[in-house]
Amino acid sequence: MQPPPQETFRRRPDGAVEVSELWRILWHRRLMILAVAGLLAGLALAYGLLTPSLYTASAQLLIDPRDRNVVSNDVNPNTVSPDGGLAQVESQASVVQSTNVLARAIRTTKLTEDTEFNGAGLLSRLLGRIATDAPAPDGTLTPTEARTLANLRRKISVRRADKVLVLDVVVTTRDADKSAKLANAIAEAYLADQADARSRAATEASEGLTARLAEQRKRVEAAENAVERYRAENNLVAASGRLISEQQLSEISNQLSAAQARTSTLRSQVELIAQQRRRGALAGSSMEALQSPVIGRLREQEAALVQREADLQSQFGPRHPSIGAVQNQLVHVRRLIATEIERVEQSVRTEYERALGNEKLLASKLETLTRQTQGADQASVRLRELQRDLEAVRAVYATFLLRAQETREQANLDTTNARIISRAQPPLQASWPPTFPLAAAAAVLGLGLGAGLALLREYAAPHLLSRSQAEALIGAPVVGVLRPRTAPPRGFGRWFRRSTGRQAEADGAAQLALLLLFKPTDVPIPAARSALLISAEADGDEREHAADLLASAGVQHGERVLLVDTTTEPVQGGPAGLMDILRGECSFEDAIHFSDAKDVALMSAGRPKAATQKALARSYAMRMLGDASRHFDIVVIDGGPLERNVKIAPLVGMVEEIVLVARLYTTRQQEIMRAVESARVMGRSVTATILIDADGRG
């Protein structure tokens, strides 16, 4: 794992964990994080492998808010809402999931016999939950159907994409064919339910209208009886929808108008005849005479006789006897014409007098009927009001009758504009569980959870994370970062080892640390350079390893090195050591021992006896370091955890360097602070730090 870029945050003087150290925490806790991620991924994988597969099938319904316009006066409204019908389609999505539709689908597919939906599994049978259903009233569900319906609701969903009028009926079951069958059954049940609902609405409307027809019929009869009764009471007899008096008045008025016109025409003819007679005009020139067929034939005879007379005169002369006979005939014809003209004129005068009398008679009748009609006007006003009421009641009755017949016919028509545009097909792959994506998601979640747990654990008990944090926390520079040894030997025997090639890297780091602790100088140093290594109690192995490496580094530089171990348990009757010197019971030379290679001199803790007085111990410690300077160049003292090794307190104030050894990512900051505080209580502060980095990322 690559570290994040270095953050530029000011470190707190107490050495607390900063944001820039988070990657170190995560890297150090990587095994725990990976373990949590692996555990969750394994659980998800096991869940995916052990969970029964689920299959999802979908059927699509197109629902047009505009119903089919089969009849112009439909019972069901055909209007579209201002939002384009989307709200209506959303409402239909709820209808698809309604109890009526799902119950119809359950009965169609016999879903109550399916153990996946009716809950009739082994556990239910053992608990005695499954019993024979009693017959349910019409329109209600049996307990088995209700249980099946509740299970079906959990396995279906109805969705609508944005801005479309298509509903997706989605069903998820353990069988692919069952999912497709149920999705199609629900879609078909919805269409059937809509058709039944519209049919029921039309039937109910027809029944309601039919029930009102009897009432409307009675109202019409009552209105008709009121009109007839009023007419009888007021003698308002009607024929063809009109009163007799009104019809007579109209007829007499028309006859009077015609009689007046006839009288006027005849008067004109009589006056014309009189004028002609006064002027002596040619008789028979009136229109009636000219139009008379008798006069017309006589004039034709007259013309024929005149022509014959002329022919005879031209042929035989004026005195021929035939001409006289013709003249006699001509006189006779002209006399007949005059007689006929007189008769016609007399007929005109007679007809005029008769027309004038008829006009006077009609005028008299009109006056009489007018007076009668004026008396019936007040009664006619009420009659017309009753007639208007009758017409209104008749119109309502006719509307109810027509509407009842229309709605009765609409009960057999399906005007729903919905259809299945895509039938569900059995899915080829399971929709759940998605084993590998689920495992991958669980692994990612596990990484996040593991990282969170790592951070929580770190902040609950902070550990040492870096060189800079160690310097800020301890207040001393880090002089070296060493690698731990894989199997460190314990006890006195660890000083009698030889360096191998595998320790080359560690030896190099120890040499650099030694150079930083004791900088070389050309001026002779009167006393041996000394370093006291301390640590937390849990870092004993790393402290011993650091002491060995420092001693080995001094030998490689040609220095004479004395290793003092203050942590071994004193043995009764064992070799003399440090505690014997501090009590003044032995000399310096008697307390040291050399390894086989004569590279390093060793000094043990000594024999167990009563502790020495503090003042004498400091004096003997100063004498011991003085004696060490005559034989050695460097003294490395393994001081152990100071809070448990108070007996070496006299050496704390005498040594040149107090070196704290700690493990990165392992040693708790609280333990380090106890070690630092122990040194301070003994009169010194830690002057340097050596870190042990097992990961090599210090």
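Modeller: Strands here are DSSP E runs of at least two residues, helices are H or I runs of at least four, both numbered from the N terminus, and two strands pair if DSSP finds at least two bridges between them. It's a predicted model, so local features need pLDDT of at least 70 and side-chain atom pairs 80 or more, while totals for chains, interfaces and linings use all residues. Residues count from 1 along each chain as its sequence is written, and side-chain values use heavy atoms, leaving out hydrogens and water.

Biologist: How many bridges join strand 1 to strand 3?

Modeller: Strand 1 (residues 55–63) and strand 3 (residues 166–173) run antiparallel. Leu61 stands opposite Leu167 in strand 3. The bridges joining strand 1 to strand 3 number eight.

Biologist: Why is helix 4 called oblique to helix 8?

Modeller: Axes are lines fitted to C-alpha atoms, for helices over the stretch in contact, with angles from 0 to 180 degrees between N-to-C directions. Under 35 degrees is roughly parallel, over 145 roughly antiparallel, 65 to 115 roughly perpendicular, and the rest oblique. Helix 4 (residues 99–109) and helix 8 (residues 176–234) pack with axes 8 Å apart, at about 125°. Helix 4 and helix 8 are therefore oblique.

Biologist: And how is helix 4 set against helix 7?

Modeller: The axes of helix 4 and helix 7 (residues 143–153) come within 10 Å and cross at roughly 110°. That makes the two roughly perpendicular.
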